[in-house]
Amino acid sequence: METILKIGMPAGSLADPNRGGNLVNLLINSGFNVSGYAQGGPSKFTSVNFLFGWDGRPQEFGSQLEFNEIDVAIAGDDWINERVLEMKMEYGKEVKLERVLGLNRGGVRLVGIVAGHEFDTIEDFLINLCSHKQLITVVSEIPYLTLDWLQTKLDKIGLLDKYQSFSVQKYKTPSKIESGIVIYETWGKTEAKIKNGGADIGVDITQTGSAIKNYDLKIIDTLMHSQTSIWINAKVKNDTEKLDLLHMFLLNLYGTINAENKMMIMFNVSNLNVNAIDRYLREKNLFADEPTVSVGKAFTVYNIQVDAGNRIEPLAKVRYELAKLGATSINTLPVQSCIPNIKVISGA
């Protein structure tokens with residue numbers, strides 16, 4: 001039986017080619033054409049027969065990785081860490097999952113929010129809150145990351161023993177404990193719950209913080225920055241065939257991500273002017289090990305890569321400077337993939 005690598009494919013905005021980080025085009029540009037994914041599934045890799053798409057929610061991929069239901073997950077760092085902490089805090093089980101590649105997509109912040117503006121730090125807020133409350137109430141879509149954050153902060157101010165007990169439960173269900181931390185797991189609109197006095201503290205997932213500002217709430221701390229990444233169960237490394245497929249998958253994804261905003265400039269230069277061109281390219285760091293050249297009798301052809309987002313040496317300026325130094329037939333092409341070498345994924 002041929003070896004298959006099972007890939008957790010996240011439903012939601014990432015699956016929509018018009019929203020989020022456009023995971024569909026990332027996969028296609030990496031050589032992994034997938035059908036059905038943007039339409040809600042079932043997803044099927046059509047250009048390769050060694051990848052299997054498992055459609056699901058990134059909130060569940062951490063557990064699926066742990067139990068080998070999937071080999072690889074495309075998921076937010078926050079949701080993977082949430083599941084790892086849940087396994088540890090609720091079930092006493094240590095889960096070892098490994099982040100092997102960030103995709104530079106789906107970037108968010110996890111922030112603590114409160115209604116009052118008089119406290120500068122979460123520590124100051126907790127000291128005041130704990131002076132008159134036995135039960136801290138919190139609302140969050142990511143309850144175990146929230147619990148871990150609060151326990152760390154309470155430990156820092158010497159109050160963890162007093163609030164050691166915790167309960168994670170649905171919003172406004174009767175508290176299972178009389179003192180400690182109650183985390184109400186919610187399905188969004190955390191801001192409204194804090195604004196209207198539904199809990200003492202909230203933890204929100206935000207990109208810009210605009211909704212928090214609109215509710216006149218204060219971001220009192222940042223728990224973590226998260227992005228969409230490739231995660232694996234480290235056990236996959238024990239299977240040499242699956243590990244080879246994983247490396248192939250990662251290398252091609254890396255090449256596409258690394259190529260974003262890169263352009264290839266091809267141009268001709270009279271051999272009388274190559275010294276000036278070489279000097280300019282070296283001074284501006286416009287090549288890696290050395291520029292790619294093809295030397296002819298009278299002219300030399302150059303290929304160089306330029307970062308289109310470089311504000312210090314913008315693409316337009318580079319082309320102009322090359323032309324002034326004698327470059328002709330200056331052609332600019334987009335780079336779809338840029339793989340430096342195999343070492344970029346050697347740690348996976």
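Two strands pair if DSSP finds at least two bridges between them. Strands (E, at least two residues) and helices (H or I, at least four) are DSSP runs, numbered from the N terminus. This is a predicted model: local features need pLDDT of at least 70, side-chain atom pairs count only at pLDDT 80 or more, and totals for chains, interfaces and linings use all residues. Residues are numbered from 1 along each chain as its sequence is written, and side-chain values use heavy atoms, with hydrogens and water left out.

**The sheet**

Four strands make an open sheet. Their order is β15-β16-β14-β17, and the pairing is antiparallel. β15 (292-295) and β17 (327-334) stand at the edges with a single partner strand each, so one side of each has no neighbour in the sheet. Six bridges join β14 to β17. In β17, N331 stands opposite M266. Helix α9 (residues 274-283) lies across β14 and β16 and runs at about 15° to β16. For such angles, axes are lines fitted to C-alpha atoms, for helices over the stretch in contact (heavy atoms within 4.5 Å), and the angles run from 0 to 180 degrees between N-to-C directions.

**Aromatic pairs**

Rings of Phe, Tyr and Trp (its six-membered ring) pair if their centres lie within 6.5 Å; planes under 30 degrees apart are stacked, over 60 edge-to-face, and the rest tilted. The whole structure holds four aromatic pairs. In one of them, the rings of F119 and F125 have centres 5.8 Å apart and planes at 90°, so this pair is edge-to-face. Another, F267 with Y302, is stacked, at 5.2 Å centre to centre and 0° between the planes. F267 lies in β14 (residues 262-270) and Y302 in β16 (residues 299-307), so the pair ties together parts 35 residues apart in sequence. Both F267 and Y302 are buried. Buried means under 20% relative accessible area, exposed over 50%, and partly exposed in between (1.4 Å probe, protein chains only).

**Salt bridges**

A salt bridge is a side-chain nitrogen of Lys or Arg within 4 Å of a carboxyl oxygen of Asp or Glu. The count comes to 15 salt bridges, including these:

| Pair | N to O distance |
|---|---|
| R83 and E82 | 3.9 Å |
| R83 and E86 | 2.7 Å |
| E98 and K237 | 3.0 Å |

R83 and E86 are three residues apart in helix α3 (residues 77-91), about one helical turn. E98, in strand β6 (residues 97-102), and K237, in the loop between β13 (228-233) and α8 (240-259), are 139 residues apart. E98 is partly exposed at 23%, and K237 is partly exposed at 27%. E123, K153, K156 and D221 are linked in a network of salt bridges.
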